[in-house]
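Good morning, and thank you for coming. I would like to take you through one structure, beginning with the way its chains meet and then turning to the fold of a single chain.

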There are 2 protein chains.
Amino acid sequence: MLLSDIPAPSVRPIPRSETASVLERLQALIAADLEETNRIIVEQLNARVELIPTLGSHLINSGGKRLRPILTLVTARMFGYTGRGHALLAAVVEFIHTATLLHDDVVDKSDRRRGQLTANAIWGSKAPVLVGDFLFSRSFQMLVEYGDLKVLRILADACAVISEGEVMQLVVSNDLATTEAQYLEVVSRKTATLFAAAARLGAVLSGRSEEEERCLADYGEFLGRAFQVVDDALDYASSNEALGKSIGDDFQEGKITLPVIHAYHHGSAEERHFWSQSLEEKARIEGGLQRAIQLIRARGSLEYTMGLARQLAEQAKAQLRHLPDSRERDALALLADFSVSRSF
Amino acid sequence: MLLSDIPAPSVRPIPRSETASVLERLQALIAADLEETNRIIVEQLNARVELIPTLGSHLINSGGKRLRPILTLVTARMFGYTGRGHALLAAVVEFIHTATLLHDDVVDKSDRRRGQLTANAIWGSKAPVLVGDFLFSRSFQMLVEYGDLKVLRILADACAVISEGEVMQLVVSNDLATTEAQYLEVVSRKTATLFAAAARLGAVLSGRSEEEERCLADYGEFLGRAFQVVDDALDYASSNEALGKSIGDDFQEGKITLPVIHAYHHGSAEERHFWSQSLEEKARIEGGLQRAIQLIRARGSLEYTMGLARQLAEQAKAQLRHLPDSRERDALALLADFSVSRSF
């Protein structure tokens, strides 16, 4: 068989209406738990200064997918967990995620996220830095209150790995010598680590075996990588409306993501010069983003990127084999498919 | 006795050579412990990305006074603590302090601290935000490793209170309606809270009574307030060289500190207009800083500020009464005096 006989994986995104139903099914499985999580979030956002809940809830209520807390809730439910810790930990996971987003948007000077103005676009960069710190601190207060050192270790470790990943991303930004392996390490650290921790917590809470913990952590790790890789493809493929943020943000910020790495390595000398000018020397080239999108399409870089994402999603699903046959397990498998078929 | 008979408290700062000896005596008491703390700091700064130890050690090794870790070490030593936890917790306290300084300098866009360029002046604002997050996370990893939930609670609570204080400071910045009580609440939260936690840890580690814990926490609280109030006076009184940062930073940033609150409330209508123009409307008035210093001096606002600092230092010393008579206790009393007599 020739390489050319292999059908290129489709990158046509499934419309929001269809994919949204996957999320809705997941949410329906744990509707009461998710409500309790939201109640805890509102309660714990409370602080001595009004700006903290105002700014925090702006982002938390901006229509995020709640994927990370959902992972904790669904995995706990899969094991028949009947305590109340899962909603608390789901809220902590969402707080940690929100804190990293607040700091990310300051660092990237992003204007939009989830179709809304970012906190830094509204309040300037100072408040989101400090409110992010508050959310980290409040997360650890909640964990101390919960009092399980193993859970504390999992999330403290995750936070350290995430911040290392963020610094790593900063170091390789604007550097076209970044390898695919370096890119994947950043993806794993900055995104997949929290997915892995969130999924693992369901098993930890339910006192399940190390093996089941590991399966769920690996599921979360592969799912998180798939999500981030797709995110990086959507930044060159989606429409602004579907994405909720500006298409081409990564290009403007000089982020070296997989579509770029692929297009650069498969590009002509002239194309490489364009990438270098745009991303390394930060030249503002007229029509630069359009050119970038065109080159990425011409070189099959989105297909390559989505192909990797699909592999990652399959690896995620493979981890579910050893877990209890249940509606929850089916939903987790669907979520892995959703991670590559979504358009937002 | 007439009020005018009371001698105005001196604000003449004791030269660095004299006050430095107080710090040196403290450091000498716990030289080996401090060395161990520094070893742990270097070890724990280690990370997957070189920029983290580089940036972190730039600030940590920039000649800070190490006051907060010293408090933990000296109080542990006062109770004859013989374990190894004190050096670890002292390192954690310094990490938390360093993380807040990194974020502070980004938020304030400060160029200099301790006579050196700030991390954001060297590396831009992105890296210090993310490395600060790493230091917070690493602190919690170290605390989890130590494994004492009471210690974890004290420091998680401290972090939350500090970040609330920072947000509070941001909210009241550029607002001359800020009251002395609001100012003192910010001081207590953003600075004194970590002093209180650091001092308290010595008693916690040594398994001492709640009463002794409380005495040390209160000592740290008053000491920290005194330190911050003096800092705020020095910003209008010191020389750039002694201070290690630019004199007038608070004025340029529109921070409403005690000298300003006092001078504003005791100023003429014309003077209030000047303060309002400079701090609320952020007008860049030619010679504005000189005028501000002159008004603060004319209204006796530094004397007032230093008078309050002296009261706070006395309150700190009063907490030491019930603690073991020891060289360490004497050193803590001297430190309280140093907090108001220093010039840096």
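How many residues of chain A are in contact with residues of chain B? In this model, 36 residues of chain A are in contact with 36 residues of chain B, where contact means that the C-beta atoms of two residues, placed from the backbone, lie within 7 Å.

Before I continue, a word on conventions. This is a predicted model, in which local features need pLDDT of at least 70 and side-chain atom pairs count only at pLDDT 80 or more, while totals for chains, interfaces and linings use all residues. Residues are numbered from 1 along each chain as its sequence is written, and chains are lettered from A and ligands numbered from 1 in the order in which they are written.

Returning to the side of chain A that touches chain B, at least two residues each are supplied by helix H3 (51–60), helix H5 (85–108), helix H7 (126–146) and helix H8 (149–172) of chain A. The largest share, 14 residues, comes from H8(A). Helices here are DSSP runs of H or I with at least four residues, strands are runs of E with at least two, and both are numbered from the N terminus. By class, this side of chain A has 23 nonpolar, five polar and eight charged residues; Ala, Val, Leu, Ile, Met, Phe, Trp, Tyr, Cys and Pro count as nonpolar, Asp, Glu, Lys and Arg as charged, and the others, Gly among them, as polar.

How are the two copies related? Chain A is superposed on chain B by a rotation of 180° with 0.0 Å of shift along its axis, at an RMSD of 0.0 Å, which is the relation of a two-fold axis. The superposition is by least squares on the C-alpha atoms of residues with pLDDT of at least 70 in both copies. Of the interface residues of chain A, 100% are also interface residues in chain B, so the copies meet through the same surface.

I turn now to chain A itself. Chain A has 17 helices and two strands, and is divided into domain 1 (18–147) and domain 2 (165–326), with bounds from an automatic or database domain assignment. The centres of these domains, taken over C-alpha atoms, are separated by 22 Å. Between them, 23 residues of domain 1 are in contact with 20 residues of domain 2. H4(A) gives the most to the domain 1 side, with eight residues.
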